Amino acid sequence: MTAAGYRVAPARLDTVAGETGQRADALHTAETAVSGEKVPAAAFGQVEEAKAAAKTFEKTMKELGGKLESGVSRLRSIQSGLTESAAGYRRVDAQIAAMYRALLPEDPLPKAGNPAGIGGSADTGAWAHAIEENRAKVADALTAERGKLAGLTDADEIARSRARIKLYEDILANNRQILKFDPSGNGRIAELVGHVEPGTRNVGLFVPGVNTQMSNFDAYAGLGRSLVAADPTGRTAMVVWADGVFPQNPVVQGPDASYAQTMAPDLKHFTDDLRGEISSHAGDGVTLTAIGHSYGGATVGLAETHGLDVDRVLHVESAGMGHGVWSPSDLPASQAGVQRYSMTAPLDPIEIAQGNAWGLEWTGIGHGADPDTFPGVTELETGRSADGSQLWGLSSHSDVLKPGSESWTNIYRVITTGPVTPDGTFDPRGILEHGVEFLNDGGVLR
């Protein structure tokens, strides 16, 4: 093979590294089983020779365990080497790309269809450096997570670690556009889905809620992908923003406003940057919509008190308008022109939190007014899921985000300024009247 025909594919190195890690996991399982295999001295009988046989068996198992441990170690070394090699190639690619980009003008010359000289897509503009740097960070995090997984014993921790590894591998294999990345703790991340470029007309900014962490981020990124793919004109982009520390317990931490109070200024500053990218690469006439789901609604609401620069706000199963926000007068003048929408499925337990501070607002508990009844908000129908079943109850809290549902369609239409379906077509009392099981034997919502 000549040098001219040789090409390294970092994504393939990542794939092989993952396969090597799986073999190491299997071998480690066998090693653990063998090392723990012991038999009593009388297992081979009561005669003196039986004791010798037992000792021989134990020695054999110990030697076999040692060989397996050595094999695991070698596989881990190969895995680490492959991953580090892939990361190294990506760093070199990024450096070379930066060198070439430095030789080019920042913005293309004005031309037909682009008289203002608007730049290319945001993923090749000012954010390109962050995307390239984060690819290297993701590669490093992948190496570290694979090493961490080898030492885990708790089933939940193993599941979360594997989910992170799957996410990191997919990011690297599919050149995903990661704008923010920090794997420490529960993880912080933000991703651009689609492109902000000349012709883009709709940009959505999605903020998730309680339990958000790196290991489940891809579920929200999947929502972003579905919304971008739904636009046949290719004029829609999404940013999925989880660049904060989210509460992890809905009962204990969910009512606490401090998480939203910390994230809101960061979200505001990020949105300012997003506005700058939109202005540079797509020009005027772009509608920017912030969507807050569950606790994310309270975060978006508090970001509005900091002057969140968006055209539309959509609260989806939202905890509230934000701590201390009870009327439009609690928002700055900059928010006067923002169009607001809200949707809450019938009997979603989030209704308990909406508009309720439990008399403890002074302690930092509660998330302000109920978005569904806030003055000027258009309340939207959640309707039915893709299979035709009515969205209601506990499961609806997340099901409203699933593609094909009427709620998802309303989300898409708010982002793309299409016709929406207002609320008012479903009465939950009909569930009881028609004999559909509503309560379980213990009288608790399913």
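A residue counts as buried when its relative accessible area is under 20%. By that criterion W408 is buried, and so is Y412. The model in which they sit is predicted.

**Confidence**

The average pLDDT of the chain is 84, and 79% of the residues score at least 70. Over residues 106-117 the pLDDT is below 50, and this stretch has nine contacts in the model beyond near neighbours in sequence. Residues 429-446 also have a pLDDT below 50; here the model shows 15 contacts beyond near neighbours in sequence. Where pLDDT is low, the predicted coordinates should not be read in detail.

**Aromatic pairs**

Five aromatic pairs are found in a search of the whole structure. Two of them are set out below.

| Pair | Centre to centre | Angle between planes | Class |
|---|---|---|---|
| Y259 and Y295 | 6.4 Å | 80° | edge-to-face |
| W408 and Y412 | 5.9 Å | 5° | stacked |

W408 and Y412 are four residues apart in helix α9 (residues 406-415), so about one helical turn separates them.

**T271 in helix α6**

Helix α6 spans residues 258-281 and contains T271. The relative accessible area of T271 is 0%, so this residue is buried. Its side chain reaches the backbone oxygen of L267 at 2.7 Å. Apart from neighbours within four places in sequence, the residues in contact with T271 are L205, L288, L308, D309 and V310.

**Helix α5**

Helix α5 comprises 13 residues, 217-229. From its first C-alpha to its last, α5 reaches 19 Å, close to the 18 Å expected at 1.5 Å a residue. Which residues of α5 are buried? They are F217, Y220, A221, L223, G224, S226, L227 and V228. The elements that cover these buried residues include the helices α4 (155-173) and α9, together with the strands β2 (188-193), β3 (202-207) and β4 (236-242). Helix α9, which takes part in this cover, is the helix that holds W408 and Y412.

How values were computed:
Residues are numbered from 1 along each chain as its sequence is written. Side-chain values use heavy atoms; hydrogens and water are left out. pLDDT is the predictor's confidence in each residue, from 0 to 100. Contact means heavy atoms within 4.5 Å. Helices (H or I, at least four residues) and strands (E, at least two) are DSSP runs, numbered from the N terminus. Buried means under 20% relative accessible area, exposed over 50%, partly exposed in between (1.4 Å probe, protein chains only). A polar contact is a pair of N or O atoms within 3.5 Å; within protein, one must be able to donate a hydrogen and the other to accept it, and residues adjacent in sequence count only if both atoms are side-chain atoms. Rings of Phe, Tyr and Trp (its six-membered ring) pair if their centres lie within 6.5 Å; planes under 30 degrees apart count as stacked, over 60 as edge-to-face and the rest as tilted. The expected span of a helix is 1.5 Å times one less than its number of residues.
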